[in-house]
Amino acid sequence: MTSAAGHGAAAERVAAACRVLGRMGLTREPAGHISVLLDDGSVAVKARGRAESGLRFAGAEDVVVVDPDGRPRSFAPGLEPPRELAIHLAVYRARPDVTSVAHVHPLTPVLFGVCDVPLLPLIGAYDPYALRLLARGVPTFERSVLVTTPELGDELAAVLGPGAVCLMRGHGVTAVGASPEEAALNVIKLSELAELNYRARLLGDPRPIEQAEYEEIVGTGRTRPELIESAWRFYRLLAEEGAEER
């Protein structure tokens, strides 16, 4: 069973990932939540409610624990599991390789889902991580409603499939990973890909990189864990630096 100390450490990691996405402007107001699957099968997730801080200012006290069926195992005054907890639970049921889920509302990726405009592989050595993320597929969940039922959660998980990110039409994005840090980093990379594609289209007719070079980069497989750690350390420090300046 996961210890109380383990729950506390997991809650702080979830909160830290929330703060990074919030301080980078990758969600609206308090919208969104990140979760992590604990060793005992329960889920630590950013809570919602009248007492919440919002992602930008999230702390460990904003994280609650639920069992695999969504029943609360911990409580906090003025807070409860998010209404869209079904996103997290469904992905964990469908994907044994996933231990963290992030759902937020970044503007530019939402625009691509709304307009049915595909994200093109315009970059190579500029950001191999982002290119590999794109190579895994960026499907669109066509429903624009809140994902509040197991059935809707299962539909979303099926659209996500084996990928790492999924657009949600007129709503937001869902990203997954082996840790809260990786799930949040996948949101960041998806948003950067969308922003780069958007700006390239403003300039003219963007041309994808050569197929052979695309295959060479994505053929190396998943980005190495140490590079994920390095990238996350940068964004974590960047977010903390911005907080100090304010």
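Modeller: Contact means heavy atoms within 4.5 Å. Keep that in mind for what follows; the model here is a predicted one.

Colleague: Which residues of α4 meet which residues of α6?

Modeller: On the α4 side they are Y129, A130, L133 and L134. Their counterparts in α6 are E182, L185, N186, K189, L190 and L193. By type, the residues of this contact divide into seven nonpolar, one polar and two charged.

Colleague: How many degrees is the angle at which helix α4 and helix α6 pack?

Modeller: The general idea is that two packed helices are described by the angle between their axes and the distance between the axes. In this structure, helix α4 (residues 128-135) packs against helix α6 (residues 180-203) at about 90 degrees, and their axes are 10 Å apart. An angle of 65 to 115 degrees counts as roughly perpendicular, and α4 and α6 are therefore described that way.

Colleague: Now the sheet. In what order do the seven strands stand?

Modeller: Strands of a sheet pair through backbone hydrogen bonds, either parallel or antiparallel. Here the order is β3-β2-β1-β4-β7-β6-β5, in an open sheet with mixed pairing. The edges are β3 (63-66) and β5 (140-141); each has a single partner strand, so one side of each is left without a neighbour in the sheet.

Colleague: Do β1 and β2 run parallel or antiparallel?

Modeller: Strand β1 (residues 33-37) and strand β2 (residues 43-46) run antiparallel, joined by three bridges. V36 has A44 in β2 opposite to it.

Colleague: How many salt bridges does a search of the whole structure find?

Modeller: Side chains of opposite charge can pair when their charged atoms come close. The search finds 17 salt bridges. One of them links D154 to R93, with the closest N and O atoms 2.8 Å apart. D154 belongs to helix α5 (residues 150-160) and R93 to helix α2 (residues 85-94), so this pair ties together parts that are 61 residues apart in sequence. D154 is partly exposed at a relative accessible area of 38%, and R93 is partly exposed at 46%.

Colleague: Are E52 and K46 buried or exposed?

Modeller: Both E52 and K46 are buried. They form a salt bridge in which the closest N and O atoms are 3.1 Å apart.

Colleague: What is the N to O distance for E226 and R224?

Modeller: Their side chains meet in a salt bridge at 2.7 Å. E226 is partly exposed, with 41% relative accessibility, and R224 is partly exposed, with 47%. Elsewhere, salt bridges that share partners join K46, R48 and E52 into one network.

Key
Residues are numbered from 1 along each chain as its sequence is written. This is a predicted model: local features need pLDDT of at least 70, side-chain atom pairs count only at pLDDT 80 or more; totals for chains, interfaces and linings use all residues. Side-chain values use heavy atoms; hydrogens and water are left out. A salt bridge is a side-chain nitrogen of Lys or Arg within 4 Å of a carboxyl oxygen of Asp or Glu. Buried means under 20% relative accessible area, exposed over 50%, partly exposed in between (1.4 Å probe, protein chains only). Helices (H or I, at least four residues) and strands (E, at least two) are DSSP runs, numbered from the N terminus. Two strands pair if DSSP finds at least two bridges between them. Axes are lines fitted to C-alpha atoms, for helices over the stretch in contact, and angles run from 0 to 180 degrees between N-to-C directions. Angles under 35 degrees count as roughly parallel, over 145 as roughly antiparallel, 65 to 115 as roughly perpendicular and the rest as oblique. Ala, Val, Leu, Ile, Met, Phe, Trp, Tyr, Cys and Pro count as nonpolar, Asp, Glu, Lys and Arg as charged, and the others, Gly among them, as polar.
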